[in-house]
Protein chains: 2
Amino acid sequence: MSRWQPNARERLADAALELFVEQGFASTTVPEITARAGLTTRTFFRHFADKREVLFDSGDSLPALARRIIAEAPPELSPIAVIAGGLDTVASEQFGGDIEHFRTRRAVIHADESLRERELRKMSALSEAISHGFRQRGLDELRATLVAHVTATVFSVAIGRWLDEDKPAPLSELLHDTLAVLRSVLDDLDASGSKAQARADSR
Amino acid sequence: MSRWQPNARERLADAALELFVEQGFASTTVPEITARAGLTTRTFFRHFADKREVLFDSGDSLPALARRIIAEAPPELSPIAVIAGGLDTVASEQFGGDIEHFRTRRAVIHADESLRERELRKMSALSEAISHGFRQRGLDELRATLVAHVTATVFSVAIGRWLDEDKPAPLSELLHDTLAVLRSVLDDLDASGSKAQARADSR
């Protein structure tokens, strides 16, 4: 059957996204989606467990990609260098499509509380994959967990910047910039500490 | 009426937590909670919107505390220094009670998907409060957002360590240590960069 339905998955996802925007996520049914896409509900359920999965489909492959990047990185790289080195790969493999698609998807998710919660859970799954990947490389649990959190932060903030700006820089550039700003924010503790120290010394 | 019911709020929370552990969160009803506490359902609803709020009650005051700490910090402090300076206050004001209460609460939340999602949403509300607080101090939006994320990370990781360990160090100590380890993890990019540079130079 499936050879008669080229791009069924993509057509279903596009139809779903259109309907979610037009009439809201909660009030859109699977039969409405399949009618719009010109496909059967049976085909729908071959591709997606439910209408929510249409939105979180690509998010499911992100943890797998993260695991692969971490496992394949040269062993001498520090964890944060592994992450910095993987940013471009993730940007091109996961976010290479039309930016408008990602903007629409985000708008749909933001409009529905259960979807927002699901989005947070997916981010958590990514963190878990990263943390596990680094423990496999012999990193202690605390550092592995912290690298995972930092990575999730860099992604969610950089993607937000990408989707918010009118003429955004490429996502890979925003990812690197966000990591750099995060590092400078944490460095500021030293700056302030040494200023305080300088004041104390000059007394 | 309320003067005849001393500690009603605490009694209800204790009874609820006991029942959640004994029979699960989903299958515990408000009448069961009030029967265990020896109070009326009317009293229950004077204190909590629903049974879920019993678990997230103290989490609701954390954003307010964060806002206060940020607003009252000396203006010359860097954002991360403000956070570092506030860790002890939060540890004592929000987590001063019996550690077993917090362990039980966490076990109940982890056992239920909707509660885990709610917990993540609450952490988001804390982040939003922190980010807003720093924007009020004139910090740009990107840095304010990143400081908020970092703070949420430090809290969730340090609290995890506190609840996991058999004989944990005081929470305030774990908070400071977690922040220090996070900074060292991010610093490692330089270390690795300079090692690579050193290798390149020696060729």
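**Side chains and helix packing**

Modeller: Start with a threonine pair: the side chains of Thr43(B) and Thr40(B) are joined by a polar contact of 2.9 Å. Bear in mind that this is a predicted model.

Biologist: Where does Thr43(B) lie?

Modeller: In helix H3 of chain B, residues 41-47.

Biologist: Buried or exposed, that Thr43(B)?

Modeller: Buried. Its relative accessible area is 1%, and the cut-off for buried is under 20%.

Biologist: Next one. Which residues does Gln23(B) touch, leaving out those up to four places away in sequence?

Modeller: Thr28(B) and Glu32(B). With Glu32(B) there is a side-chain polar contact of 3.0 Å.

Biologist: And which helix is Gln23(B) found in?

Modeller: H1 of chain B, which covers residues 8-23.

Biologist: Why is Gln23(B) called partly exposed?

Modeller: Because its relative accessible area is 31%. Partly exposed covers the range between the buried cut-off of 20% and the exposed cut-off of 50%.

Biologist: Over to chain A. What does the side chain of Gln94(A) make a polar contact with?

Modeller: The side chain of Ser61(A), at 3.2 Å. Gln94(A) is found in helix H5 of chain A, residues 79-94. Gln94(A) is buried too, with a relative accessible area of 14%.

Biologist: Step back a bit. How many helices and strands does chain A have?

Modeller: Nine helices and zero strands. Along the sequence the pattern reads α-α-α-α-α-α-α-α-α.

Biologist: How much of chain A counts as buried?

Modeller: 45% of its 203 residues.

Biologist: Now helix packing. At what angle do H7(A) and H8(A) cross?

Modeller: Roughly 140 degrees, and their axes come within 8 Å. H7 of chain A is residues 113-136, and H8 of chain A is residues 141-164. The angle makes H7(A) oblique to H8(A), because roughly antiparallel needs over 145 degrees.

Biologist: Left-handed or right-handed, for H7(A) and H8(A)?

Modeller: Right-handed.

Biologist: Which residues of H7(A) and H8(A) meet?

Modeller: From H7(A), Met123(A), Ser127(A), Ile130(A), Ser131(A), Phe134(A) and Arg135(A). Their partners in H8(A) include Glu141(A), Ala144(A), Val147(A), His149(A) and Phe155(A). By class, this contact has eight nonpolar, six polar and two charged residues.

Biologist: How do H8(A) and H8(B) pack?

Modeller: At about 155 degrees, with the axes 10 Å apart. H8 of chain B also runs over residues 141-164. The angle makes H8(A) roughly antiparallel to H8(B), since the cut-off is over 145 degrees. The crossing is right-handed.

Biologist: Which residues make the contact between H8(A) and H8(B)?

Modeller: On H8(A), Leu142(A), Thr145(A), Leu146(A), His149(A), Thr153(A), Ser156(A), Val157(A) and Arg161(A). On H8(B), Leu142(B), Thr145(B), Leu146(B), His149(B), Thr153(B), Ser156(B), Val157(B) and Arg161(B).

Biologist: Which residues make the contact of H5(B) with H8(B)?

Modeller: Pro79(B), Ile80(B), Ile83(B), Leu87(B) and Val90(B) come from H5(B). H8(B) supplies Val147(B), Val150(B), Thr151(B) and Phe155(B). They divide into eight nonpolar, one polar and no charged.

Biologist: Last topic, the loop. Where is the place of Pro75(B)?

Modeller: Between helix H4 (51-72) and helix H5 (79-94) of chain B.

Biologist: Is Pro75(B) buried or exposed?

Modeller: Exposed, at 74% relative accessibility.

Biologist: How far is Pro75(B) from Arg137(B)?

Modeller: Their C-alpha atoms are separated by 7.7 Å. Along the chain, Pro75(B) and Arg137(B) are 62 residues apart.

Note on methods:
Residues numbered from 1 in each chain as written. Chains lettered and ligands numbered in written order. Predicted model: local features only at pLDDT ≥ 70, side-chain atom pairs only at ≥ 80, totals over all residues. Heavy atoms only, no water. Axes fitted to C-alpha atoms, helices over the stretch in contact; angles between N-to-C directions. Helix = DSSP H or I, 4+ residues; strand = E, 2+ residues; numbered from the N terminus. Parallel < 35°, antiparallel > 145°, perpendicular 65-115°, else oblique. Left-handed = near helix turned anticlockwise from the far one by under 90°. Contact = heavy atoms within 4.5 Å. Nonpolar A, V, L, I, M, F, W, Y, C, P; charged D, E, K, R; others polar. Buried < 20%, exposed > 50% of the residue type's maximum accessible area, 1.4 Å probe, protein only. Polar contact = N/O pair within 3.5 Å; in protein donor to acceptor, adjacent residues only side chain to side chain.
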